[in-house]
Amino acid sequence: MSILNIKDIHLSIEEKPILKGVSLNVNLGEVHAIMGPNGSGKSTLSYILSGKEGYDLSSGEINFDNKDLLELSANERSNQGLFLAFQYPVELPGVSSMNFLREAVNIRRKVLGKKELNHLEFVKEARRLASSMFIKDEMLKRSVNVGFSGGEKKRFEILQMMLLEPKLAILDETDSGLDVDALKIVSNGVNNYKGKDNAVIVITHYQRLLDYIVPDYVHILADGVIKKSGGPELAKIIEKNGYAGIVDAA
Amino acid sequence: MVASKETISVVEQTTSKYKYGFSTKVDVEKAPKGLNEDIIKFISGKKNEPKWLLEWRLNAYKQWLNMKEPSWAKVNYPEIDFQDIHYYAAPKVKKKLKSLDEVDPELLKTYEKLGIPLSEQKMLSGVAVDAVFDSVSVATTFREKLSKEGVIFCPISEAVQSHPELVKKYLGSVVPVTDNYYSALNSAVFTDGSFVFIPKNVKCPMELSTYFRINEQNTGQFERTLIIVEDAGYVSYLEGCTAPQRDENQLHAAVVELVALEDASIKYSTVQNWYPGDENGKGGIYNFVTKRGKCLGDRSKISWTQVETGSSVTWKYPSCVLMGNNSVGEFYSVAITNNFQQADTGTKMIHIGKGTKSTIISKGISAGKSQNTYRGQVQIQKTAKNARNFTQCDSLLIGDKCSAHTIPYINQNISNAKVEHEATTSKISEEQLFYCKQRGLDDETATSLIVNGFCKEVMKELPMEFAVEAQKLIGISLEGSVG
Ligand SMILES: Nc1ncnc2c1ncn2[C@@H]1O[C@H](COP(=O)(O)OP(=O)(O)O)[C@@H](O)[C@H]1O
Ligand SMILES: [Mg+2]
């Protein structure tokens, strides 16, 4: 069953065309990888999907879980189960990570018709999942993303994904800046989470991550379009040959 | 004001922006509008005051007549007609009240709406409340428990009768009558307020709290608070304020004086939520308040914490005069302005004693078309060897029609003192808002979360129950400022 259906979307930023007709269908239970050179519009696509201001399409349609995604505000999209792990997670000085997580989780639980967790119940659940991501309790007392190392930020993003139980998770370069150990932790988190009732889009620049999170489909985004789609073998070819041969002007 | 469970639930359910905007029908006795010697005599007579106090008032009035309203603050408001104000309004009482049962039930209902049921339940939260309704102190709870410790906590009008020597000694000793235009006015016409006396070596066993409310139309509120803590004593004092929603502006000109003797410590917290006017700038309270503490004794400490969300115009500089050697002054402030609110607030730290230390943390948040100014003075006098000050002023802007200003004055008269000043101005970034929204938070929840994070250093200084209330208030006062 389709969870996300992108139909021929176009977008320009400051009159510069970034996406020039991208289409993509993702079904529940699938993992899609989107690869492409720097600046090819991968993050832009993730912002369009998550509803960031200033990323309005000039044309095209997007369906998410049988709804017109473009009709929903950013927080409604999240409420409906769309999650973005940020390439550059944002710092919120003074906002304790634990409180932030609880606020977010309780909003999502309300939408799912589950009852709010009280402080104790929540802390227990958050700590359980956090320890699976090798996140220490002490870190959850700190302000959101403030003073976190690159790896901590990425692990914290995945922790949020686990807690929010989205239907569609978009991971934007979650592998960048991670050493092998951290990469394994993050991948484990994603692999444990993915199932037949959800879907994952992994955006990455490198093939490395795809050894751990094995995609069903790989798409190459370049020159504003999906140049090529295939199975996991496509990522291996990219690793060997680079984007040359796929991208016109690389 | 204490955030009892019911207060919090009222805040959560509130749909109107200003939840305290009701007024109460009680039988009221008012002085005619206007200010002259007769009115002052009337007020003094109503309170059965001794002659010295009447003379003190009349002298203040004479001085006031020769003074000018200050104009240096960064606030604009139409000229106030001081003859168009009632200087005395009191709920009518038949006789002196002995217990809560005798308080007008309508009044008690008001307090309940405000979230401060003046009942013995308060015992549980360990807070004693003195409630000032318009001009008169209505009921003071837990006085007996306090008096066992030798703590005096009562309306100042009563202290004038029962402890005249203390009042006479300290009244005006921290804020001289002629300190400024509003302190002179207050000295002439003050109607009530709280009096606290903590004897030597006593740590006050509960937090003391006063709740101020302006109810009557065209009434000014001029309360006067005096807190004296003797050697090695301690008190934590909370002050909350609200007023009904009215189209006219109302004047609030209070004077608060604190005196800390040797090793004494006073913690004074305010959550000020006077009616701020509507979203077009109509109505609201003019809040012109003089608050000052004197660290008279060595090693004494005075700490001001304020969360200012209300009033249409705020002019307020809680200050510390650090006379005792090694005495400590602190000022923690959150000032939020939205719509057309104007706030000019800050502090003065006057270092006189050796080794005196002061800390100033100010967080200003402006939204809408509001103006938010921090004005602070750090004065290191010649005698203040090794004095130290640290000041941090952070401003946060929401939207691009508001403004924030930081005006520090530093007078350092000796070289071996250390004065540090840091200031930042930031905006809530689109990135921060988007990050929160991507996690499901709506604009208002996101803003409130970010702003509360910005204020954290100050909020953690507030007593626990107060902090919860203040956090909600911040959310409410910023409603509609983004999105
Ligand atoms: N907010 C923005 N303002 C201007 N240009 C932008 C903005 N966001 C993205 N771009 C441009 O869009 C293109 C795609 O960027 P991005 O989506 O970040 O690429 P990727 O994530 O694939 O590296 C780049 O040329 C980038 O400079
Ligand atoms: Mg990117």
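Helix α1 of chain A gives the largest share of the shell around ligand 1, namely 3 residues. The model described here is predicted.

**The site of ligand 1**

There are 13 residues around ligand 1, and those that come nearest are A:Lys16, A:Gly39, A:Lys42, A:Ser43 and A:Thr44. Two elements of chain A each supply at least two residues of this shell: β2, which spans 16–27, and α1, which spans 42–50. By residue type, the shell around ligand 1 holds 4 nonpolar, 6 polar and 3 charged residues.

**A salt bridge within chain A**

A:Lys42 also takes part in a salt bridge, and its partner is A:Glu173. The closest N and O atoms of this pair are 4.0 Å apart. Which parts of chain A does the pair link? A:Lys42 belongs to helix α1, whereas A:Glu173 sits in the loop between β9 (168–172) and α7 (180–193), so that the pair, by the rule for naming helices and strands, joins distant parts of the chain. The two residues are 131 residues apart. Over all chains, the count of salt bridges comes to 31.

**Where chain B meets chain A**

In the contact between the chains, 18 residues of chain B touch 32 residues of chain A. Together the two chains bury about 2,100 Å², with 62% of this area on carbon and sulfur atoms. Of the area that chain B buries against chain A, 37% is supplied by B:Phe434, B:Tyr435 and B:Arg439, more than by any other three residues.

Side chains of opposite charge can pair when their charged atoms come close. Between chain B and chain A there are 3 salt bridges. One of the salt bridges joins the side chains of B:Glu431 and A:Lys52, at 3.0 Å from N to O.

Which elements of chain B give two or more residues to the side that touches chain A? They are α10 (430–438) and α11 (443–454). The largest share, 8 residues, comes from α10 of chain B. The residues on this side of chain B divide into 7 nonpolar, 5 polar and 6 charged.

Conventions: Residues numbered from 1 in each chain as written. Chains lettered and ligands numbered in written order. Predicted model: local features only at pLDDT ≥ 70, side-chain atom pairs only at ≥ 80, totals over all residues. Heavy atoms only, no water. Near = heavy atom within 4 Å. Helix = DSSP H or I, 4+ residues; strand = E, 2+ residues; numbered from the N terminus. Nonpolar A, V, L, I, M, F, W, Y, C, P; charged D, E, K, R; others polar. Contact = heavy atoms within 4.5 Å. Buried area = accessible area lost by both parts, 1.4 Å probe.
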